[in-house]
Amino acid sequence: MPKVGIVMGSDSDLAVMGKAADMLDKLGIEYEMTIISAHREPDVFFEYAGSAEEKGFKVIIAGAGMAAHLPGMCAAIFPMPVIGVPMSGKNLDGQDALYSIVQMPPGIPVATVAIDGGMNAAILAARILAVSEPEILKRLKAYTKEMKETVQGKDAKLKELGHKAYMERK
């Protein structure tokens with residue numbers, strides 16, 4: 001049963017939202033990924049958000065650009081956490097989406113990550129789930145350890161090669 005819903009308004013969002021899916025895969029968390037336009041198919045959107053709890057979703061990650069209504073509308077209907085991912089766009093480089101998502105009215109919170117922050121949205125979703133699922137917490141701790149070891153490996157290589165040789169190998 002999927003624990004996380006990943007929803008986006010367009011396939012142009014897939015590069016960013018795919019990073020969320022990749023991270024959830026890495027952490028062993030089931031998800032369902034969907035493209036729905038809240039503006040162009042409101043009936044489909046309302047069905048999606050209204051049935052998400054029945055499907056077993058515990059968190060929805062919603063990506064949106066420009067007016068960015070998708071995350072807020074999910075939060076208005078779905079009673080559990082919604083994480084908004086503002087998408088960079090051609091007009092304001094994603095700032096319009098960022099402001100739209102973080103400026104929700106009282107009573108309709110949307111946790112918001114950085115512009116194009118699909119990977120962090122998945123990690124935040126995993127942390128939310130880890131509150132009640134020890135296995136997910138264990139995987140998150142392993143991922144944190146892996147990140148630390150990666151940085152330490154890069155530092156060791158820098159010390160071994162020196163900064164010029166290190167940069168040349170990149």
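**View 1. The whole protein chain, a predicted model.** Of the 170 residues of the protein chain, 38% count as buried, where buried means under 20% relative accessible area, exposed means over 50% and partly exposed lies in between, with a 1.4 Å probe and protein chains only. This is a predicted model in which local features need pLDDT of at least 70 and side-chain atom pairs count only at pLDDT 80 or more, while totals for chains, interfaces and linings use all residues. Residues are numbered from 1 along each chain as its sequence is written, and side-chain values use heavy atoms, with hydrogens and water left out. The protein chain has 7 helices and 5 strands, which are DSSP runs numbered from the N terminus (helices: H or I, at least four residues; strands: E, at least two). Read from the N terminus on, these elements follow the order β-α-β-α-β-α-β-α-β-α-α-α. Along the principal axes, the C-alpha atoms fill a box of roughly 60 × 40 × 30 Å. Among contacts (heavy atoms within 4.5 Å) between residues at least 6 apart in sequence, 64% join residues at least 24 apart.

View 2. The 5 strands form an open sheet in the order β2-β1-β3-β4-β5, with parallel pairing; two strands pair if DSSP finds at least two bridges between them. The edge strands are β2 (31–35) and β5 (111–112), each of which pairs on one side only.

**View 3. Strand β3 and its two partners.** β3 pairs in the parallel sense with β1 over 5 bridges, and β3 and β4 likewise pair in the parallel sense over 5 bridges.

View 4. In helix α3, which spans residues 69–77, the buried residues are L70, P71, G72, C74 and A75. The elements that cover these buried residues include the strands β1 (4–8), β3 (59–64) and β4 (82–86), together with the helices α2 (42–51) and α4 (95–102).

**View 5. Helix α6 and its packing.** Helix α6 (residues 134–161) has 28 residues and reaches 41 Å from its first C-alpha to its last, close to the 40 Å expected at 1.5 Å a residue, the expected span being 1.5 Å times one less than the number of residues in the helix. Within α6, the residues I136, L140 and Y143 are buried, and the buried residues of this helix pack against α1 (14–26) and α5 (118–130). α6 is followed by G162, whose phi is positive, near 85°.

**View 6. Residue V102 in helix α4.** V102 is found in helix α4, and this residue counts as partly exposed because its relative accessibility is 40%. The C-alpha atoms of V102 and E133, which are 31 residues apart along the chain, are separated by 28 Å.
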